[in-house]
Amino acid sequence: SSGINAEYGGRKMSVKKSQMRHRRATVTVIIMTVTYIVCNIPVFLNYVLYGVWSAFSWSKNPKNYEEFYGTTFMFYYSWNSCLVLFVLINAALNPLIYLTRMKEFRQFVIGKFQIFFTDNIRDLTQYDQTESLS
């Protein structure tokens with residue numbers, strides 16, 4: 001079956017290699033989706049629990065968050081940890097997943113770092129040479 005080819009991004013490759021590439025992309029999308037869901041479950045649960053409590057509360061003031069959370073500190077702690085911490089964790093994990101799963105992305109990032117560090121080292125050595133001349 002080596003004679004059967006598929007075109008992918010302007011390149012011809014065997015059908016088996018194309019299928020492996022699609023399977024890898026599918027697994028990457030599943031990993032990204034699971035990561036998103038896991039990181040956003042606490043945010044979702046916080047909204048749902050507070051909304052349900054507010055809607056069905058028998059207290060005189062159903063919007064009084066201290067009755068639900070116990071203290072003002074727990075109110076701010078739960079919302080800040082959910083809205084900031086878990087969203088930041090998700091944002092930090094995305095590039096790591098891309099780096100481990102996508103060869104082209106990894107090569108691009110490595111190339112950019114090489115250019116960045118090469119240019120900065122060259123600039124520093126030129127600065128050192130001009131400083132020593134004066």
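How many helices and strands does the secondary structure of this protein chain come to? It comes to 4 helices and 2 strands, where helices (H or I, at least four residues) and strands (E, at least two) are DSSP runs numbered from the N terminus. Starting from that terminus, the order is β-β-α-α-α-α.

A word on the basis, everyone. Residues are numbered from 1 along each chain as its sequence is written, and side-chain values use heavy atoms, with hydrogens and water left out. This is a predicted model, so local features need pLDDT of at least 70 and side-chain atom pairs count only at pLDDT 80 or more, while totals for chains, interfaces and linings use all residues.

Let's begin with the whole chain. Of its 134 residues, 17% count as buried; buried means under 20% relative accessible area, exposed over 50%, and partly exposed in between (1.4 Å probe, protein chains only). The chain exposes about 10,600 Å², with carbon and sulfur atoms supplying 67% of that; the areas come from the Shrake-Rupley method with a 1.4 Å probe, and for residues only the protein chains shown count as cover.

Now to helix α3, residues 72-101. Its 30 residues should span 44 Å at 1.5 Å a residue, and the end C-alpha atoms are 42 Å apart, which agrees. The expected span here is 1.5 Å times one less than the number of residues. There is also a kink of about 30° centred on Ser 81, the bend being the angle between axes fitted to the seven residues ending there and the seven starting there. Ser 81 is among the buried residues of α3, as are Asn 90 and Ile 97.

Thr 35 touches Asn 90, Leu 93 and Ile 97, leaving aside residues up to four places away in sequence; contact means heavy atoms within 4.5 Å. With a relative accessible area of 12%, Thr 35 is buried.

Next, charges. Side chains of opposite charge can pair when their charged atoms come close. A search of the whole structure finds 1 salt bridge, meaning a side-chain nitrogen of Lys or Arg within 4 Å of a carboxyl oxygen of Asp or Glu. Arg 21 pairs with Glu 104, and their closest N and O atoms are 2.8 Å apart. This links distant parts of the chain, 83 residues apart: Arg 21 sits in α1, Glu 104 in α4 (residues 103-133). Arg 21 is partly exposed at 26%, and Glu 104 is partly exposed at 41%.
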